[in-house]
Amino acid sequence: PRVGAYLRWYLRRVDPERTGRTIWRTTTNSLIPDTVDKDLYSADLPTLLLGEIDALSEMVARLPAGVLELESFSEDYNRIADHLRSFLWDADSRNFRDRYADGRHIERVTLSSVLPLRWSRLSHSVRDHLLSQVRNRHYFMTDRGIALWVKWETDTDPAPTPALHQILMLDTLARCE
């Protein structure tokens, strides 16, 4: 019950309007503190929340019937999943994109674009495409090395995450396949 209460409290913090558009509000609670931008929506938080709700539901389901009743998070789950699939997914590039409320996205591909690989209900076609990108070491490479943080002409804002964070994570993902 305490885990469920904490999750409910946290959902109210990151999605106070209950729209499913969760957003990091503070550096204290964010996955990567340097990425916090009060106006930027990214795929990392929805993915983590969907995973938490899945884990909590699975734990409760393993208990004998009637031992523990827990409020349903299905409405929250569906709203967050819809936000991930519709707002953060960019069909043209076949990637998840960090986006502002008005729909503008950061041009470069960021680490948050591959974190939905952890979501158990991600479609197989999207999962396969994202995995192919992670496995392709040239996807983020230029003749000068990893180009995650070269400002692109169409970028209106600086990169939200230090290069080192993404380079380490992408290298780890590639090594572990």
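Me: What makes the crossing of H1 and H2 left-handed?

Reply: Happy to go through it, keeping in mind that this is a predicted model. H1 passes H2 in a left-handed crossing, because the near helix is turned anticlockwise from the far one by less than a right angle.

Me: Which residues in H1 and H2 meet?

Reply: From H1 come Val 3, Gly 4, Leu 7, Tyr 10, Leu 11 and Val 14. On the H2 side they meet Leu 45, Leu 49, Glu 52, Ile 53 and Leu 56. Sorted by class, this contact holds nine nonpolar, one polar and one charged residues.

Me: How do you know whether Arg 97 is buried or exposed?

Reply: Its relative accessible area is 9%. Buried means under 20%, so Arg 97 is buried. You will find Arg 97 in the loop between strand E3 (95-96) and strand E4 (99-100).

Me: What makes the pairing of Arg 97 and Ser 93 a polar contact?

Reply: The side chains of Arg 97 and Ser 93 are joined at 3.3 Å. The limit for a pair of N or O atoms is within 3.5 Å, so this pair qualifies as a polar contact.

Me: Why does Leu 117 count as buried?

Reply: The same cut-off applies: buried means under 20%. Leu 117 has a relative accessible area of 16%, so it is buried. Leu 117 sits in the loop between E4 and helix H4 (124-135).

Me: Which residues does Leu 117 touch, leaving out those up to four places away in sequence?

Reply: Leu 117 touches Leu 122, Arg 127, Leu 130, Leu 131 and Val 134. For Arg 127, the separation from Leu 117 is 10 residues in sequence and 6.0 Å in space, C-alpha to C-alpha.

Me: What is the wider picture for the protein chain?

Reply: The protein chain has five helices and six strands, which follow the pattern α-β-α-α-β-β-β-α-β-β-α along the sequence. Of its 177 residues, 41% count as buried. Among contacts with a separation of 6 or more, 60% come from residues 24 or more positions apart.

Key
Residues are numbered from 1 along each chain as its sequence is written. This is a predicted model: local features need pLDDT of at least 70, side-chain atom pairs count only at pLDDT 80 or more; totals for chains, interfaces and linings use all residues. Side-chain values use heavy atoms; hydrogens and water are left out. Helices (H or I, at least four residues) and strands (E, at least two) are DSSP runs, numbered from the N terminus. Buried means under 20% relative accessible area, exposed over 50%, partly exposed in between (1.4 Å probe, protein chains only). A polar contact is a pair of N or O atoms within 3.5 Å; within protein, one must be able to donate a hydrogen and the other to accept it, and residues adjacent in sequence count only if both atoms are side-chain atoms. Contact means heavy atoms within 4.5 Å. Ala, Val, Leu, Ile, Met, Phe, Trp, Tyr, Cys and Pro count as nonpolar, Asp, Glu, Lys and Arg as charged, and the others, Gly among them, as polar.
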